[in-house]
Amino acid sequence: MSVPAPRGQSQRPPVARPQSGVVRALPFDGDDYELVRAILAGRTDAATVFYDRHVDAVQRLAFRLLGPDTEFEDVVHDVFLRALEAMPRLRDPGALKGWLFGITIRVVRTRIQRRIRRRWLKIMDPHEVPDLATTSDGGLGEAMRDVHAILDVLPAEERIALVLHKVEGLSLEQAAAACETSLATLRRRLARAERKFFSRAEKKPALAPWVGGQHQ
């Protein structure tokens, strides 16, 4: 039942109040440092920006380390899932890309080791499977196929060092940080990888014109 207005006053329609609780966030526009802070603050759009901003670099690195792989998309998904879970432990938000590369390397290393183990299990007694820490992996189109075939026989850590420094263009310091190892160790891995890679590449007709004379 409506309540009549006091005598002498006309009834007025109720005043519409602003709708509370409706906040439209502006599209995120900030550097990686601000992006990390937004993710930690719970902004759901920041996680999407994080993926969109860095997915190409992660896919490129994962492909160069793994070669063609039927589980490639799973690897990329796993990298971003782990990154979001570990974000609160990121000490330097400004170094987000290098930190993300480190996670990519760990995920790929595990995938390489699993792949090698499956290969060995096909031809050996399970008790005779070698230590995965000393082995590695790869695979692609005449020159590229040859490249991956060579990478396929390099130990995982040497392969990772070679791809990070020579293909991705990371400095020795950046590559060592991504691999979570010392600069001296990274240098040794890279030297061994280059020696093995070039010695094999020079024997491949499709690669010889590219590598001839580059490694002395």
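Asp32 is buried, with a relative accessible area of 16%, where buried means under 20%, exposed over 50% and partly exposed in between (1.4 Å probe, protein chains only). This residue lies in helix 1; helices here are DSSP runs of H or I with at least four residues, strands are runs of E with at least two, and both are numbered from the N terminus. Leaving aside neighbours within four places in sequence, Asp32 is in contact with Arg53, His54, Pro93, Leu96 and Lys97, contact being heavy atoms within 4.5 Å.

A word on what you are looking at: this is a predicted model, in which local features need pLDDT of at least 70 and side-chain atom pairs count only at pLDDT 80 or more, while totals for chains, interfaces and linings use all residues. Residues are numbered from 1 along each chain as its sequence is written, and side-chain values use heavy atoms, with hydrogens and water left out.

Now for the whole chain. The protein chain has nine helices and zero strands. Of its 216 residues, 39% are buried. Among contacts with a separation of 6 or more, 53% join residues 24 or more positions apart.

Helix 1 contributes Asp32, Leu35, Ala38 and Ile39 to the contact, and helix 2 contributes Ala46, Ala47, Val49, Phe50, Arg53 and His54. By type, the residues of this contact are seven nonpolar, one polar and two charged; Ala, Val, Leu, Ile, Met, Phe, Trp, Tyr, Cys and Pro count as nonpolar, Asp, Glu, Lys and Arg as charged, and the others, Gly among them, as polar.

His54 touches Asp32, Phe80, Leu96, Lys97 and Leu100, not counting residues up to four places away in sequence. Among the buried residues of helix 2 are Phe50, His54, Val58, Leu61 and Leu65. An α-helix has 3.6 residues a turn, so residues three or four places apart point the same way. After helix 2 comes Gly67, with a positive phi near 75 degrees.

Further along, Val167 lies in helix 6 (residues 156-167). Val167 touches Arg64 and Leu162, with residues up to four places away in sequence not counted. Val167 and Arg64 are 103 residues apart in sequence, yet 8.2 Å apart in space, C-alpha to C-alpha.

Glu180 sits in the loop between helix 7 (172-178) and helix 8 (183-201). Its phi is positive, about 55 degrees, although Glu180 is not a glycine.

| Residue | Relative accessible area | Class |
|---|---|---|
| His54 | 5% | buried |
| Asp32 | 16% | buried |
| Val167 | 42% | partly exposed |
| Glu180 | 60% | exposed |
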